[in-house]
Amino acid sequence: MLKNITEAQLKNMTLKELIALCEEAREVITKTVLNNGGHLSSNLGTVELTVALHYVFDFPEDKLIFDVGHQCYTHKLLTGRYDKFNTIRQKDGISGFPKREESLFDCYDTGHAGTSVSAALGIAKARDIKGEKFNVIALIGDGSFNNGLIYEAFNSLRLLNTNVLLILNDNGMSIAPTVGSMHEYLEILSEDMQHKSKVDRHAKIFERFGFGYDGVYDGNDLEVMINKLTEVRERIKKESVILHVLTKKGKGYSFCEDDPESTHGIAKNNQPVQFNEYSHVLGKTLTRLAAKNDRIVAVTAAMTSSLGLSEFFEKYPDRSVDVGICEEHATILCASMATEGMKPYYAVYSTFLQRSFDEIVIDICEQNLPVTLCIDRAGVSGADGETHQGVFDLSFLSFIPNLTIAVPKDLNEFEKMIEFSEGFNAPLAIRYPREGKRFFGACEKIACGKWEKLAEGDGKYAILACGERAVTQAFAAAEELKAQGVSVTIINARFVKPLDTEMLGGLQEKFILTVEDNMLAGGFGSIVNGYFIGGNKILKNFAYADEFIPQGSVSELMQERNLSGRAIAEFIKSNENR
């Protein structure tokens, strides 16, 4: 039924046919995600809700904005992308998130939490100004309901004087179980009808913002959802409404329902990871150091297990903080604890650290506080595409005063850097990819701003490699060049800031090549170029161009952008006669 289905055909289906359509969608999503990787449990939980939305509303004339967007797979199947669904999250395939360039049914690109209400209000206000009549719906999970941006949007609802439907998809989870006072508040609203007076009393908080509240309903009951959405569609002609529904994350598959956290996002083919993760080393090392140092605190924003901190949280609950999806708050929390003598470690994905930029500048670095930023999934992250590539952190961190930036060459060096950080009394950022695949010999003692030479060349070419992926490509180039009788110097540039100016000043090589898993603009290569400006060196930077990087595997994306051993070797070969 799903193949080639149209909005008109869906609206003419019986309830029995729609229920069968939901089951077919679940089967397609599960089969595809197990093969391609992707977000599984979040999509399985919203199948009935999505089908009901398409049955009741008129898309794409009506507008549907997904918060985060990782629950949009059923929506894609219903909107002409069935034949391409097997390409989801693959290079040149369809995205795992809403994309305006992909379909008229995707009205707003998303990928980070908390943006949907602001986006819905903006679209609705534009509709009103133009005198149009379509409906605007934001679908947001309870995890995103912790994000402060939501309440900034709430505060402007009356000011904007517009009407939207906000569907609160409450499954008790973000990636990890939802935490915080708002989660407790939503639990009160979800109590049964015996507590109706209590529920009604608490729901009035939304009325103060200008929303009518309606809940709580079973979001996995298709008939209930169709009836309720049909009713609410008329109501939002006069007022904005929050429709509160409960769904089961992983609905329909016991292995997802029983373990929604680990099946939120799964690897391609659902195979066990074949490499060690930097997050594992972070968790083990911090847990070991914390046994002797009671000032160490671990902070995360709704991603405890993904960042390797489960053991730390279990052993040291009083020194463990999960603030929910509130990255800015987490940053200030770390800064303020540091003013009182604590040693905070804020673990966060590179792509989500972007949300904390102002607080890093003002709260951590302006006060010169000893907070360590543990920046996971740095560099291209692969199949989640543009919104999740961690290729900006070196660029937006490198110009901040007082901040030291370290990039380990392998897992062993990463462990040494964490040990080094314990006694480092200033802001420090350590950035690293997910996977640790290579080891590059014994790790020298970590000294701030000091690099190490990993290979000695013949004096013509020096490769300054920043991070494990860069060092890996440098050695791949060296191996290829060896057959040509060319040898190169390879330097582990393990500090981006400060640069090792002593080593840079002593380089005799004519050609200086930089390699980094980051944008060139503002990144490591740009800083090295600035050091050598006006000199007689020939500089070549291997980094990402000024563009947003689409989905694909890490190796595909790096090779396509000439960030590879082969590309490095080809450049050197082409300059052998200079």
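Figure 1. Exposed means over 50% relative accessible area, buried under 20%, and partly exposed in between (1.4 Å probe, protein chains only). Asp92 lies in the loop between H5 and H6; its phi is positive, about 65°, although it is not a glycine. Arg89 is placed in the loop between helix H5 (73-77) and helix H6 (116-130). Its phi is also positive, about 70°, and Arg89 is not a glycine either. Arg89 counts as buried, at 11% relative accessibility. Helices (H or I, at least four residues) and strands (E, at least two) are DSSP runs, numbered from the N terminus. Residues are numbered from 1 along each chain as its sequence is written. In this predicted model local features need pLDDT of at least 70 and side-chain atom pairs count only at pLDDT 80 or more, while totals for chains, interfaces and linings use all residues; side-chain values use heavy atoms, with hydrogens and water left out.

Figure 2. Strand E4 (residues 165-170) has 6 of its 6 residues buried, so it is largely enclosed by the rest of the structure. In a regular strand the side chains alternate between the two faces of the sheet. Leu165, Ile167 and Asn169 point one way from E4, and Leu166, Leu168 and Asp170 point the other way. E4 pairs with strand E3 (residues 136-141) in the parallel sense over 5 bridges, and with strand E6 (residues 240-246) in the parallel sense over 6 bridges. Two strands pair if DSSP finds at least two bridges between them. Asn169 of E4 is the bridge partner of Gly141, and in E6 the bridge partner of Asn169 is Val245.

**Figure 3. The nonpolar cores.** The largest nonpolar core has 74 residues, and Leu282, Tyr346, Leu397, Trp451, Leu464 and Phe524 have the most contacts inside it. A nonpolar core is a set of buried Ala, Val, Leu, Ile, Met, Phe, Trp, Tyr and Cys residues joined through side-chain atoms within 4.5 Å. A second, separate core of 44 residues includes Met13, Ala52, Ile88 and Leu139.

**Figure 4. The surroundings of Leu397.** Leaving out residues up to four places away in sequence, Leu397 touches Leu353, Ile360, Ile375, Leu403, Ile405 and Ala429. Contact means heavy atoms within 4.5 Å.

**Figure 5. Asn43 in helix H3.** Asn43 is found in helix H3 (residues 41-44). This residue is buried, with a relative accessible area of 0%. Residues up to four places away in sequence aside, Asn43 touches Ile29, His70, Gln71, Cys72, Tyr73 and Thr74.

**Figure 6. Two cis peptide bonds.** Gly215 and Val216 are joined by a cis peptide bond, with omega about 10°. Val216 is found in strand E5 (residues 211-218). The peptide bond from Lys497 to Pro498 is also cis, with omega near 0°. Pro498 is placed in the loop between strand E19 (495-497) and helix H21 (501-506).
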